[in-house]
Amino acid sequence: MPIQHPRSRLNRFDLVITPQHDYYPLTPHGQRQIPWFLRRWITPRRPPARHVVLTVGALHPADSAALRSAASVWHDELAPLARPLLVVNIGGPTSSCQYGADLAKQLIAMLQNVLWSCGSIRISFSRRTPEKVSKILLKEFSSNPKVYIWDGEGPNPHMGHLAWADAFVITADSVSMLSEACTTGKPVYVIGAERCTWKLADFQKSLRERGAVRPFTGKEDISESWSYTPLNDTAGAASQVMKALAARGWPIDA
């Protein structure tokens with residue numbers, strides 16, 4: 001059973017679980033970015049068969065039980081912080097979402113504009129974050145008492161941030177970080193979506209249409225919120241796996 005599109009004949013597999021944007025680069029703009037001789041392999045020509053399960057985002061372990069556990073583990077460090085707590089997650093450029101120091105400078109200006117409405121800001125980088133991007137943000141905010149930047153030392157606060165944040169700002173390149181944040185039901189602002197192409201552009205569009213994300217403009221009041229139906233892809237995919245196994249005589253107790 002593959003997760004994500006296996007780029008092979010799907011009837012070779014009993015079950016395929018893939019994000020919709022990975023299975024379908026649907027838009028005409030997206031298809032123009034694919035060489036014509038590869039389109040039959042990358043873009044399916046017909047709706048998926050019954051054994052193909054499409055998710056909105058990436059599968060991940062940040063379900064409600066995991067977040068409750070993280071809230072307990074990180075209580076002493078994060079509960080006392082001034083509210084609202086804005087968590088900023090920064091990924092790194094990809095072939096479908098390219099950026100560099102220019103985005104870091106744009107993000108700094110926007111964060112400075114919303115700082116008045118934040119009690120605290122916590123910034124984290126990923127393994128893909130270019131050093132030039134992290135250095136720019138460290139130089140700007142390392143001495144600001146409202147801002148904490150995780151330096152990569154000690155326990156990773158990511159799950160704690162998901163549990164305790166009041167809102168998120170996330171770079172558009174990271175399907176995983178966006179999927180996790182949109183599981184919480186909390187406001188998620190995206191920076192850099194206009195730089196995304198092909199399937200990442202489709203992913204951003206699907207999140208906006210669900211009301212889960214909004215573009216980060218620097219004009220927000222972080223204390224304001226909105227509601228949407230949280231993503232629940234992992235539980236849905238797990239249910240489909242259990243059904244497939246049960247159909248083959250291998251039932252699993254939930």
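Visitor: Okay, which exposed residues sit on the face of H7 turned away from its buried side?
Guide: Those are Glu131, Lys132, Lys135 and Lys139. Keep in mind that this is a predicted model.

Visitor: And which residues of H7 are buried?
Guide: In H7, which covers residues 131-141, the buried ones are Val133, Ser134, Leu137 and Phe141. They span an arc of only 95 degrees around the axis, so they end up on the same side of H7.

Visitor: What covers them?
Guide: The cover over the buried residues of H7 includes E3, E4, E5 and H6.

Visitor: What's in the loop between E4 and H7?
Guide: Pro130 is in that loop.

Visitor: Is Pro130 buried or exposed?
Guide: Buried: the cut-off is under 20% relative accessible area, and Pro130 has 19%.

Visitor: What does Pro130 touch, apart from its neighbours within four places in sequence?
Guide: Pro130 is in contact with Gly91, Gly92 and Pro93. Take Pro93: it is 37 residues from Pro130 in sequence, and their C-alpha atoms are 8.1 Å apart in space.

Visitor: New topic, the sheet. How many strands form it, and in what order?
Guide: There are 6 strands in an open sheet, ordered E5-E4-E3-E6-E7-E8, and the pairing is parallel. The edge strands are E5 (147-149) and E8 (213-215), each pairing on one side only. From one strand to the next, the twist averages 25 degrees.

Visitor: Which helix packs on the sheet, touching E3, E4, E6 and E7?
Guide: That's H6, residues 101-114. The direction of H6 makes about 180 degrees with that of E3.

Visitor: How many bridges are there between E3 and E4?
Guide: Strand E3 (residues 85-90) and strand E4 (residues 120-125) pair over 6 bridges, in the parallel sense. As an example, Leu86 has Ile121 in E4 as its bridge partner.

Visitor: And how many join E3 to E6?
Guide: 4 bridges, and these two strands run parallel. Here Val87 stands opposite Phe168 in E6.

Visitor: What about E6 and E7, how many bridges there?
Guide: Again they run parallel, joined by 4 bridges. Thr171 stands opposite Ile191 in E7.

Visitor: Which helix goes with E6 and E7 in a β-α-β unit?
Guide: H9, residues 175-181, and the unit is right-handed.

Visitor: Why is E6 described as largely enclosed by the rest of the structure?
Guide: Because 5 of the 5 residues of E6 are buried. Both faces are covered: Ala167, Val169 and Thr171 are buried on one side, and Phe168 and Ile170 are buried on the other.

Visitor: Let's zoom out. How many helices and strands does the chain have?
Guide: The chain has 11 helices and 8 strands.

Visitor: And what share of the residues counts as buried?
Guide: 48% of the 254 residues.

Visitor: Last one: what share of contacts comes from residues 24 or more positions apart?
Guide: Counting contacts in the chain with a separation of 6 or more, such residues account for 73%.

Definitions and conventions
Residues numbered from 1 in each chain as written. Predicted model: local features only at pLDDT ≥ 70, side-chain atom pairs only at ≥ 80, totals over all residues. Heavy atoms only, no water. Pairing = 2+ DSSP bridges. Axes fitted to C-alpha atoms, helices over the stretch in contact; angles between N-to-C directions. Contact = heavy atoms within 4.5 Å. Buried < 20%, exposed > 50% of the residue type's maximum accessible area, 1.4 Å probe, protein only. Right-handed = clockwise from strand over helix to strand, strands pointing away. Arc of directions from axis to C-beta.
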